[in-house]
Amino acid sequence: MRRMREFGTTVFATMTKLAVETGSINLGQGFPDTDGPERMLERAAEAVRGGLNQYPPGPGLPELCQAVAEHRKQWYGLSYDPDGEILVTVGATEAIAAAVLALCEPGDEVIVFEPYYDSYAAAVALAGAVRRAVTLRVDAGRFTFDPAELKAAVTPRTRAILVNSPHNPTGTVFTRGELECVARVCREHDLVAVTDEVYEHLAFDGVEHVPLATLPGMRERTIMISSAGKTFSVTGWKTGWVCAPAPLTGAVRTVKQFLTYTASAPWQAATAYALREEMDWVEAQRVSLQAKRDRLIAGLEEAGFGVLRPAGTYFVQTDIRPLGFTDGLDLARRLPELAGVVAIPTQVFYDHPDRGRHFLRFAFCKRDEVIDEAVTRLRRLS
């Protein structure tokens with residue numbers, strides 16, 4: 001159909017395939033190369049052997065819904081009823097798609113911050129809606145937005161705003177002031193906020209992650225989304241959740257039931273355990289990732305890249321112009337030959353590709369020896 005013709009194979013699949021074909025180190029796709037908490041993995045295996053292998057309830061295993069509710073309360077002071085205000089999904093990607101499909105009629109508009117995770121554009125297109133991109137630009141060493149541009153993006157057709165913080169692919173973590181600006185726009189124009197917070201526990205250098213739903217007047221208009229994948233290094237489990245007021249959760253559930261209905265009972269049980277018992281492991285993982293970030297940044301700077309220091313996520317954005325390159329997509333295609341490394345060209349995440357043409361994204365959620373070897377190879381560029 002016409003509205004999906006701009007979408008082919010995702011850039012992640014394309015670049016990972018290139019890494020395999022060329023034997024390159026894959027610093028493109030954001031998945032760790034080590035496993036999550038051992039006891040969490042054991043809980044999943046025990047659930048399989050214990051017979052938890054049939055359909056779980058459509059809204060999710062009650063024990064996971066309860067664990068998510070406890071987690072929201074403990075970490076953010078947000079109260080959600082596990083029976084009606086929490087919905088388990090097949091990862092955050094399904095949650096985002098189901099939310100957009102539930103909210104938007106054809107022709108409605110959705111505001112996104114570019115560069116954006118690629119599934120956002122596809123979800124908006126599937127709904128027959130129109131995306132309005134507000135560009136994140138570099139200011140004082142971090143990506144941020146112009147409040148005037150955000151306000152100007154709102155029209156009478158605007159229905160929702162997609163907010164991702166900590167932000168993939170830039171690594172920025174929106175400040176409380178930035179989020180208050182978003183909240184003000186939502187309140188003034190009666191918009192629903194869909195917040196992708198999968199990196200909520202992976203903010204660095206003491207930077208605080210502030211959920212938009214905690215700001216005045218926002219809980220009742222926010223669909224808050226997260227998942228187990230990034231928090232516990234189990235991206236293949238695809239276990240996510242929605243937290244929202246009952247009418248919004250019900251709307252998302254109405255769509256979700258006809259997408260996957262339900263999935264992953266053993267992983268749901270193990271995730272419920274981990275949310276209660278493995279947050280110390282998560283903190284240790286955060287500290288480890290911060291060190292890996294610094295390790296990769298030092299190597300990239302030595303290799304000649306301009307580097308933007310991320311405050312969260314798995315990713316470092318680099319400016320390729322100091323090395324004499326101007327087109328990130330072209331360099332990403334050539335990088336396996338030039339250096340035996342794969343990265344992601346950031347320009348594919350823009351409605352306005354020229355604004356991100358000089359950026360490449362590298363992932364640091366890898367073992368130290370993998371990062372070191374990648375850096376050694378990348379030094380060939382200079």
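1. How far apart are the axes of helix α11 and helix α13, and at what angle do the two helices pack? The axes of α11 (residues 279-303) and α13 (residues 368-378) are 9 Å apart, and the angle is about 10°. Axes here are lines fitted to C-alpha atoms, for helices over the stretch in contact, and angles run from 0 to 180 degrees between N-to-C directions. Angles under 35 degrees count as roughly parallel, over 145 as roughly antiparallel, 65 to 115 as roughly perpendicular, and the rest as oblique. The pair α11 and α13 is therefore roughly parallel.

2. A word on the source. This is a predicted model, in which local features need pLDDT of at least 70 and side-chain atom pairs count only at pLDDT 80 or more, while totals for chains, interfaces and linings use all residues. Residues are numbered from 1 along each chain as its sequence is written, and side-chain values use heavy atoms, with hydrogens and water left out.

3. Now the α11 and α13 contact in detail. Contact means heavy atoms within 4.5 Å. From α11 come Lys292, Arg295, Leu296, Gly299, Leu300 and Ala303; they meet Asp368, Ile371, Asp372, Val375 and Leu378 of α13. By class, this contact has six nonpolar, one polar and four charged residues. Ala, Val, Leu, Ile, Met, Phe, Trp, Tyr, Cys and Pro count as nonpolar, Asp, Glu, Lys and Arg as charged, and the others, Gly among them, as polar.

4. The annotated region comes next. An unreviewed UniProt entry carries the annotation "domain: Aminotransferase class I/classII large" for residues 25-378. UniProt positions are given in the numbering used here, feature names are shortened, and annotations may be inferred rather than shown by experiment. Over residues 25-378 the chain is 41% helix and 18% strand. The end C-alpha atoms of this stretch are 11 Å apart. Helices (H or I, at least four residues) and strands (E, at least two) are DSSP runs, numbered from the N terminus.

5. Look at the core. A nonpolar core is a set of buried Ala, Val, Leu, Ile, Met, Phe, Trp, Tyr and Cys residues joined through side-chain atoms within 4.5 Å. Buried means under 20% relative accessible area, exposed over 50%, and partly exposed in between (1.4 Å probe, protein chains only). The largest nonpolar core has 72 residues. Ile223, Leu296, Phe305, Leu335, Phe362 and Leu378 touch the most other members. Helix α4 (residues 91-103) gives the largest share of this core, eight residues. Another core, of 30 residues, lies apart from it and includes Ala44, Leu64, Val234 and Ala270.

6. Not counting residues up to four places away in sequence, Leu296 touches Leu27, Val316, Phe362, Ala363, Phe364, Ile371 and Val375.

7. Helix α9 (residues 246-256) packs with α4 at an angle of about 105°, with the axes 8 Å apart. These two helices are therefore roughly perpendicular to each other. Among the α4 residues in the contact are Glu94, Ala98 and Leu101, and among those from α9 are Leu248, Val252 and Lys256. The contact divides into 10 nonpolar, no polar and two charged residues.

8. What covers α9? Its buried residues are Leu248, Thr249, Gly250, Val252, Val255 and Lys256. The cover includes β2 (86-89), α4, β8, β9 and β10.

9. Check two buried loop residues. Val234 sits in the loop between α8 (228-231) and β10 (240-243). Its relative accessibility is 7%, so Val234 counts as buried. Val234 and Pro32 are 202 residues apart along the chain, yet their C-alpha atoms are separated by 8.2 Å. Leu215 is in the loop between β8 (192-196) and β9 (222-227). Leu215 counts as buried because its relative accessibility is 5%.

10. Inspect the backbone too. The bond joining Glu114 and Pro115 is a cis peptide bond, with omega about 0°. The peptide bond from Asn168 to Pro169 is also cis, with omega near 20°. Lys238 has phi near 50°, a positive value in a residue other than glycine. At 34% relative accessibility, Lys238 counts as partly exposed. Thr313 is not a glycine either, and its phi is positive, about 75°. Thr313 counts as buried, at 0% relative accessibility.
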